[in-house]
Amino acid sequence: MTVSRTGLLAVCLVAFAVAGCQSSRFGRLDQPEPQPLPATPTPPVSQNQLPPPTTTSPNQFPTAPGATTQAPNDQMAANAPDISKESMSGVWTASVAGQSCKVAMGLTKYGSNYRAAPLRCPAPIENIKGWDIKGKQLVLYDQNGVQIAGLYSTGGQRFDGQTNGGQGITLALGQ
């Protein structure tokens, strides 16, 4: 007895259709709809006065999270030589909290900054994604554009500064 594929497929489809009609997933049409659930009780709403604002000026905004509130080292800033974006391109050795790592800095745009890529760096510089020059300061940013550190050139191909957390940080080209 030979059975064709088309016949076998037709028998399977009919068997599945009949089995689906027997499923208990579908309710019967003659059953009434279930009753709705009772409303959840809510506590009474209280009314209090808001505390007075703490700022002295309505135009004064609070400091953004992660933004530095420390003034840069004025002497370091005053004595720092001018730097160019082109001189920053390369692989730098970063030192922070007694640990060293490599940071590749290029001239490829990353948002409004330039791209940087740390290699096995300790916190907080493990999050460096971008850099830019603001005046005489080299500024390192995370992926959200929040400043991580600010550094000034101390001569040659070396930069010294601080992270937002106050840790000392050094960048030296190549080493």
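User: How do you know what share of the contacts with a separation of 6 or more joins residues 24 or more positions apart?

Analyst: A contact means heavy atoms within 4.5 Å. By that rule, residues 24 or more positions apart account for 37% of the contacts with a separation of 6 or more in the protein. This is a predicted model, where local features need pLDDT of at least 70 and side-chain atom pairs count only at pLDDT 80 or more, while totals for chains, interfaces and linings use all residues. Residues are numbered from 1 along each chain as its sequence is written, and side-chain values use heavy atoms, leaving out hydrogens and water.

User: What makes a stretch count as one of the helices or strands in the protein?

Analyst: Helices (H or I, at least four residues) and strands (E, at least two) are DSSP runs, numbered from the N terminus. On that basis the protein has two helices and eight strands, in the order α-α-β-β-β-β-β-β-β-β.

User: Why are β1 and β8 called paired?

Analyst: Two strands pair if DSSP finds at least two bridges between them. Five bridges join β1 to β8, so they pair, and they run antiparallel. V96 stands opposite I169 in β8. Strand β7 (residues 158-163) is also joined to β8 by five bridges, again antiparallel, with R158 opposite A172.
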